[in-house]
Amino acid sequence: MTQPGPRPARILLADDHTLVRRGVRLILDAEPDLTVVAEAADGAEAVAQARGLDVDLAVLDIAMPRQTGLHAARELARTRPGLRILMLTMYDNEQYFFEALRAGASGYVLKSVADRDLVEACRAALRDEPFIYPGAETTLIRTYLDRARNGGPLPERPITEREEEILKLVAEGHSSKEIGDLLVISPKTVERHRANLLQKLGLRDRLELTRYAIRVGLIEP
């Protein structure tokens, strides 16, 4: 009697576009050692699913409504330390590669080449190895990885986690009151964070904040 092989790695897939999820699922489910067992449409749903399910790997889109993939990754790294995490993005953005590693992910895969890189990236993440997509291994990233490995100080992030949340919600068109309600803080506190954001990033108004959020991959145009 033949022995059953090792069970495939169980994957949680989070992206707010149904078609993207469907395409990614087809790529992963075609592999004998990988299987998608759950899907989520935003970061908050992904965190909730990961808490209740036996999953080995979370594949998270960076730009999702309600809660970004980076925010979800930070929360999952805190609450599910054994879970491997990989980010998906439309944007080839070095800063977000750093943010993904800092949030606890193994790296990120560009959606435009997911059919080429995703399976290899998932396997690297499951081996607890960083995945650097071809073409991204610049001196800056190599320096970052060396520092991370040797316990050295990492490059400063330009804005705090809270400011990132507020930037995303401002860019999505929410008012200060709506943002305050969502994050359980006062509208005055939201305004203060917004003023800090404008000052830190050297921007003038909501429109420029929105353009910045699109450029760094926090929201999609």
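This is a predicted model: local features need pLDDT of at least 70, side-chain atom pairs count only at pLDDT 80 or more; totals for chains, interfaces and linings use all residues.

Trainee: How are α7 and α10 oriented to each other?
Mentor: Helices (H or I, at least four residues) are DSSP runs, numbered from the N terminus. Axes are lines fitted to C-alpha atoms, for helices over the stretch in contact, and angles run from 0 to 180 degrees between N-to-C directions. Helix α7 (residues 161–171) and helix α10 (residues 206–215) pack at about 110°, with axes 9 Å apart. Angles of 65 to 115 degrees count as roughly perpendicular, so α7 and α10 are roughly perpendicular.

Trainee: Which residues of α7 meet α10?
Mentor: Contact means heavy atoms within 4.5 Å. On the α10 side the residues are R206, L209, T210, Y212 and A213. On the α7 side they are L167, V170 and A171.

Trainee: How many of the residues in that contact of α7 with α10 are nonpolar?
Mentor: Ala, Val, Leu, Ile, Met, Phe, Trp, Tyr, Cys and Pro count as nonpolar, Asp, Glu, Lys and Arg as charged, and the others, Gly among them, as polar. The contact of α7 with α10 has one charged residue, one polar and six nonpolar.

Trainee: What is the angle between α8 and α9?
Mentor: The axes of α8 and helix α9 (residues 187–201) lie 8 Å apart. The two helices are roughly perpendicular to each other. The angle is about 105°.

Trainee: Which residues of α9 make the contact with α8?
Mentor: From α8 come S176, K177, I179 and G180. From α9 come P187, V190 and E191.

Trainee: How many charged residues are in the contact of α9 with α10?
Mentor: α9 and α10 pack at an angle of about 70°, with their axes 11 Å apart. R194, L197, L198 and L201 of α9 meet R206, L209 and Y212 of α10. These residues divide into five nonpolar, no polar and two charged.

Trainee: Which helix gives the most to the lining of the second largest pocket?
Mentor: A pocket is an open set of points on a 1 Å grid over the protein atoms alone, where a 1.4 Å probe fits, with protein on both sides within 12 Å along at least five of seven lines; lining residues have an atom within 4 Å of a point. The lining includes R66, H71, E164, E165, K168, L169 and L182. α7 and α8 (176–183) each supply at least two lining residues. The helix that gives the most, with four residues, is α7.

Trainee: Where is V184 found?
Mentor: V184 is not a glycine, yet its phi is positive, at about 55°. It lies in the loop between α8 and α9.

Trainee: Where is D128 found?
Mentor: D128, also a residue other than glycine, has a positive phi near 65°. Its place is the loop between α5 (114–126) and α6 (139–150).

Methods: Residues are numbered from 1 along each chain as its sequence is written. Side-chain values use heavy atoms; hydrogens and water are left out. Angles under 35 degrees count as roughly parallel, over 145 as roughly antiparallel, 65 to 115 as roughly perpendicular and the rest as oblique.
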